[in-house]
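Q: Please take a close look at one part of this chain, and then go on from there to other elements of the fold.

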Amino acid sequence: MSCLSRRELLQRGALATATLATGGCAAGPSRIAPVPEDVLAFHRDCLVLDLHIDTLLWVRLLGYDLGRRHRNRLPGSAFGWHLDLPRAADGGLDAAVMGLVINPRQVAEEMILPAKVLAWLESESGIAQTLTTLDLLAEAARRYPERLVFARSGRDVRRAVAEGKFAALAGLEGAHGIEGNLDHVRTAYDRGLRMIGLVHFQGNEAAFPMTVPAFDDRGLTAFGHDLIAEMERLGMVVDLAHLNARGVDDALAAIRRPCVVSHTACRAVHDHPRNLSDDQIRRVAARGGVIGIAVGTMFLGRVGLDGFLDHVTHALAAGGADAVALGSDFDGAIVPIGDMPDVTVYPRITQGLLARGHTEAVVRKVMGENALRVLTEVCG
């Protein structure tokens, strides 16, 4: 028996059911009012795309099955179990850039403890692990051909969504995953990689993270400039998430195509090093780029959905309607804010934005069209 497509699931009311309770769980009483039917209809008509979800980490570590419904039973819905194909259908999520969390060959002192533990647990690292993780996404698409497409371009995304399938693109989280070698970039591109974040939690051959004050005066390296040039030649999106301020300056001066900051928030709303200043938001927007607003407490503080919407609204004011997107960081070992526990939350984002007076055109852009524009302009 063939599997139902995402659109068929939506038409059968799965979306309305899932939004009755936090986490989209069938068990337990409803504590959140259902999203009105007219808002659900509009949400279903939007293309919804998230710029950063890390589920492939759990696929690699635990054999996590994207095709099966999961439930996070940890307090605060912490760490993972935030995305699977059934809940993506419940939440009307059409597409996502799936992050590749890769172990560096050499773990530096500044690396955060969870990533150090991950590198200790896994024997593979660098480009080998990058290719392995890309192959896991390809394998999942082969396993669920009626439900999942490994997309390589914006056109692929649009086509997959029209066919009622979830479109997954691949984005590397940190250039340590290509180990300072442009040949590795080309190899990964041929395997489907379409986005590279210049840095993750430790310095690498290309750039330095913003979470280490000792790196504040260090911008892009010579290889970082070469990497951007090669990515733009190939048609790959440059991601500035995790990059320090000097590196952001250097990258924005070098980039000729739209870029993204895949998962971040607004420093003016919540002062955290991972968040962007208004000036940075404006300069990303001036390059035709977008910023994805994340859902973790580190980005937003101890707030709820209203706090998330505050960041979206502020980013729209700072960067304009074409510069804001979703970049949840779900499954990225985060603690999501209290009433945004997993990917079933997207209809309530749409509802909240409309309730704040944002036009349907602007809401469509935020929910996915801005991100898809960048993917299409850069990747085809």
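A: G76 is found in the loop between helix 4 (55-62) and helix 5 (85-90), helices being DSSP runs of H or I of at least four residues and strands runs of E of at least two, numbered from the N terminus. This is a predicted model, in which local features need pLDDT of at least 70 and side-chain atom pairs count only at pLDDT 80 or more, while totals for chains, interfaces and linings use all residues. Residues are numbered from 1 along each chain as its sequence is written, and side-chain values use heavy atoms, with hydrogens and water left out.

G76 counts as partly exposed because its relative accessibility is 47% (buried is under 20%, exposed over 50%, partly exposed in between, with a 1.4 Å probe and protein chains only). Leaving aside residues up to four places away in sequence, G76 touches V335 and P336, contact meaning heavy atoms within 4.5 Å. The C-alpha atoms of G76 and V35, which are 41 residues apart along the chain, are separated by 22 Å.

Turning to the strands, five of the five residues of strand 7 (residues 260-264) are buried, so strand 7 is largely enclosed by the rest of the structure. Strand 7 runs parallel to strand 8 (residues 290-293), to which three bridges join it, where pairing requires that DSSP find at least two bridges between two strands. Within this pairing, V261 has I291 of strand 8 as its bridge partner.
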